[in-house]
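Subject: Structure for your files

Hello,

Here is the structure I said I would hand over. My notes on it follow below.

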Amino acid sequence: MSLNPISLDGRTLEGGGQLLRLALSLSALTHLPIHIWDIRANRAPRKPGQPAGGLKPAHLAAVEWLAEATEADTQGMVKGSQELYFAPQRRKIGETSEESKGRSPDQASKNVRKSVWQNVYDGDRLIRRETRIHLSSPGSVCLILQAILPYLLFHPQNAASNTTSQAGEGLAATSVPLRVTIEGGTNVSKSPSIEYVDQVLIPMLVQRVGVPPITTKVIKRGWSSGRVDIGAVQFDLIPFASGSKLPRLDFSDRGEVSKMHVSILAPSQSARNSIKGKVTERLLARYPEVDILFPVEEDTKNGARLYLLIVAETSNGGYRLARDLLWERKINSATIDTVVITVVKELEKEIERGGCVDEYMQDQLVVFQALAEGRSNVDSGHNAKATLHTQTARWVAEQALELAFDEQGTCSGCGFEVGEVFLDRETQQAIKETATELEQMGI
């Protein structure tokens with residue numbers, strides 16, 4: 001494949017952070033250099049006279065971490081930048097950065113970047129690698145995770161190790177557990193909440209996509225409303241072992257709704273009790289046979305913070321659909337009615353569409369469809385159109401990996417193998433074709 005950078009117009013389709021995050025994910029894995037201009041240009045400036053779009057602190061944090069992790073050459077990696085060049089260093093498993101450049105470690109020891117990882121040992125046995133990403137503002141923890149998760153799961157440098165007892169069931173003994181702590185916002189407007197990630201995204205990735213287990217721990221909540229609070233979330237995961245390939249995704253035949261998971265964050269016990277009662281009444285009126293569970297009930301400690309998430313779990317294979325609402329104004333009885341009615345009605349519409357994913361999950365699956373081996377299918381429901389975020393994610397994957405999504409959202413993935421040198425694919429294919437021709441000629 002060509003080493004010319006993949007050029008991406010940041011104004012395309014949704015024209016926001018989704019384009020940037022997925023492009024970075026794929027570049028970090030494949031070592032394909034990217035060049036993005038007019039970054040987030042479709043986003044209006046916060047204040048008159050300010051430039052539109054550009055890299056905000058949360059975007060920059062993801063860029064900087066991936067740049068350090070992949071030892072990428074970069075240009076434009078500064079706050080507010082509207083243009084970015086990102087070229088990860090090409091390296092094989094076990095090869096040091098200096099060896100990949102043709103230099104001995106002694107020749108350039110002063111130029112070696114500090115690793116983003118800290119190794120944790122039990123005696124002389126490596127048991128875990130840890131990293132931390134810090135935000136000084138409550139930018140979304142979950143959007144940073146979205147940008148780096150494919151790298152964490154699929155990159156060969158995360159899979160190769162001498163650990164012998166910490167790997168998960170069905171994974172090779174060379175998979176090193178990773179612990180990633182991200183500081184920022186856990187409940188932020190226009191971003192997925194940590195509850196959505198923990199109760200919808202991660203279960204779907206583990207049960208339906210085949211991703212190894214991921215656990216979350218909210219160390220401290222971070223809010224964008226009321227008094228600004230910086231939170232922190234700890235993610236523990238085990239990456240795919242070297243040589244692994246993700247099988248094709250098949251999201252179909254979701255079954256009937258069997259459970260409802262209701263998470264309530266509100267500033268008083270009376271408010272939480274009121275929400276709990278109103279939600280239960282409305283859900284049972286519409287779905288009398290379902291079990292209703294309340295995994296999260298928590299005090300927001302602020303009269304202008306209310307969050308409600310309702311997750312519908314189905315009977316066939318752990319599909320989950322959800323709707324939520326973050327209320328960032330003064331809370332009263334009318335507010336509670338509005339929040340409950342809105343979330344329940346929107347979830348009913350999502351369920352009635354008959355799909356296996358909700359509209360916020362659609363775009364999260366695109367990167368896994370693109371990396372999987374075989375033709376992946378994701379049923380989004382009756383006459384469901386791809387969201388603008390999903391269209392953008394598909395466009396980025398098509399530009400980077402030279403694949404195609406059809407109108408139903410299915411595609412044949414590139415069959416990415418953990419540990420492969422993706423840039424050598426064309427060379428290896430040419431060698432195979434030449435060998436086949438010679439064999440046919442009897443040579």
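Asparagine 119 has arginine 129, in β6, as its bridge partner. The strands concerned, β5 (residues 118-122) and β6 (residues 125-133), are antiparallel and joined by five bridges; strands are DSSP runs of E with at least two residues, helices are runs of H or I with at least four, and both are numbered from the N terminus. Two strands count as paired if DSSP finds at least two bridges between them. Two residues lie between the strands of this hairpin, where glycine 123 has a positive phi near 70°.

The model is predicted, with local features requiring pLDDT of at least 70 and side-chain atom pairs pLDDT 80 or more, while totals for chains, interfaces and linings use all residues. Residues are numbered from 1 along each chain as its sequence is written, and side-chain values use heavy atoms, with hydrogens and water left out.

β15 (residues 375-378) and β16 run antiparallel and are joined by two bridges. Serine 376 has cysteine 411 of β16 as its bridge partner.

For the protein chain as a whole, the count is 11 helices and 16 strands. Among contacts (heavy atoms within 4.5 Å) with a separation of 6 or more, 74% are between residues 24 or more positions apart. The accessible surface (Shrake-Rupley method, 1.4 Å probe) is about 20000 Å², and carbon and sulfur atoms account for 47% of that.

There are five cavities of 30 Å³ or more. A cavity is a set of points on a 1 Å grid over the protein atoms alone where a 1.4 Å probe fits but cannot get out, and its lining residues have an atom within 4 Å of a point. Points are joined across faces, edges and corners, and the volume is the space filled by probe spheres set on them. The largest cavity holds about 160 Å³. Its lining has 16 residues, with Gln146, Pro150, Asp363, Gln364 and Val367 nearest the centre. Two or more lining residues come from each of α1 (17-30), α4 (141-154), α6 (194-209) and α9 (359-371). α9 contributes the most, five residues.

Regards

Technical notes: 1 Å grid on protein atoms, 1.4 Å probe; cavity = no way out; pocket = protein on both sides within 12 Å on 5 of 7 lines; lining within 4 Å.
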